[in-house]
Amino acid sequence: MVFLYVKDLREANGSASGPDSLLGALAFVHGTLGLPVHLETLRSSRVTGLSHLKLRERRPPQQGLVLSVPEVQWLETCACGEPTEYATLVAGALCFMLFARARHSDLDRAESIQQDWSSSGHTGFIECAALNPKQAKASARSNRLLPLVAPVQGVSEVCWAKGWIASRTAWNLVCSGSVTDSPLLPALAAAGHLLNCNLTSAETTQWIRSLLSQAPQAQPGRVLMFKSHGLKATLLSWGAKASLSLEDRTLLGYHSLGLSRSALTYSRDALSGPLRALCELLHQVKTGAFDPDSTRSGRWLQASATATVQDDAGGTKESAPESSSESSSESCHSSDTAQEEQVLLGTSHLLSLIASNQDFGLSLNSKTGVLHVLRHASDRFLCGRSCLSVNCSETIESTDSR
């Protein structure tokens, strides 16, 4: 009977996990209540095989989309709109969720809000304490306050945090202190006043799609795939693409480090280092040095100031100077430390060895001023780049006095 039932489930194109759930239920009943039939008789090989075949029909999990850099910049722009507009208030809260790597449920549990601005007023953090976050085990006896910290400066020229604070002030919401009666993402009543409750997760998703659909370069098909959890995943995804350490990304996502829990308890400010790394990442995105939306080969857009020189054996690599040996000697005299002088002197010595060899030549890049080492009768430099891919204004022969 069990075999016929599982076979019917498979032929009826039902749930992919239905037969496997049935086997789990049989094991549970056998362990708690007991069965007159032996468990191995019910869970025969053919029944187990059919359940495994049905599980293979399950669709692979699809992760939610993360926001691109222009979409994040558009949210920041919306957060700095007219303070009396409800859309501005919602956009500011969404920016806080994004830069604080927070879930929608974290905002529901928020207890207080604090502002930490630098003396210049251009940098700082906004912190909210969330009570009993999702990561907290139900068996924990004491309540936990999770600090949700967001940098005030994002990836655009405007400061989303100032816009959010101005909007909360215009709507008579608390900007510093307890937010028990002042939600971070308040719902709007039909009469036009705010309700003492947060928007639901579905309503938050609708607002995200509504705001992003108004962007100049909005793609309707892509916008409809966004969910509220994508705000938390955005910066964590950027950090992974920028090679932030796993420990920093774990702490930025407010996840447990297992054996390091005691160290976190006594550190008092374990987020200090990861937040500094996050601020540096946001600065690189803002200046264009790092593009998380690009492919692996084009994410780092800022060209390096030095070129690498690789020998024929493919072993060691040394730094090539940006100019000739004369400029290297001048830089050496202006160096402040003995270590810098040693590096520059070694580079000049390398160039002298190359210049004395009749088999090599030096090619100057007209744009970057970088010298490339070229073996005669070869179409590639020693660093591996093609001669055609580098715009060289002149070729310096080894016999040249320069």
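**Reading backbone angles and a pocket**

Mentor: Let us start with Ser 243, which counts as exposed because its relative accessibility is 62%, the cut-off for exposed being over 50%. Please keep in mind as we go on that this is a predicted model.

Trainee: Where in the chain does Ser 243 sit, and what is its phi?

Mentor: As a general idea, most residues other than glycine have a negative phi. Ser 243 is not a glycine, and yet its phi is positive, at about 65 degrees; the residue lies in the loop that runs between helix 11 (229–241) and helix 12 (246–252).

Trainee: Which phi does Asn 172 have, and is Asn 172 buried or exposed?

Mentor: Asn 172, again not a glycine, has a positive phi of about 60 degrees, and its place is in the loop between helix 8 (160–170) and strand 4 (177–178). Since its relative accessibility is 72%, Asn 172 counts as exposed.

Trainee: How should I read the second largest pocket, and what is its volume?

Mentor: The general idea is that rolling a probe the size of a water molecule over the atoms shows where empty space is left. Here the second largest pocket has a volume of about 380 Å³, and of the 13 residues that line it, those closest to its centre are Gln 62, Gln 63, Gly 64, Leu 65 and Lys 227.

Trainee: Which element gives the largest share of that lining, and how many of its residues are nonpolar, polar and charged?

Mentor: Helix 11 provides the largest share of the lining, with 4 residues, while by class the lining has 5 nonpolar, 6 polar and 2 charged residues.

Key
Residues numbered from 1 in each chain as written. Predicted model: local features only at pLDDT ≥ 70, side-chain atom pairs only at ≥ 80, totals over all residues. Heavy atoms only, no water. Helix = DSSP H or I, 4+ residues; strand = E, 2+ residues; numbered from the N terminus. Buried < 20%, exposed > 50% of the residue type's maximum accessible area, 1.4 Å probe, protein only. 1 Å grid on protein atoms, 1.4 Å probe; cavity = no way out; pocket = protein on both sides within 12 Å on 5 of 7 lines; lining within 4 Å. Points joined across faces, edges and corners; volume = space filled by probe spheres on them. Nonpolar A, V, L, I, M, F, W, Y, C, P; charged D, E, K, R; others polar.
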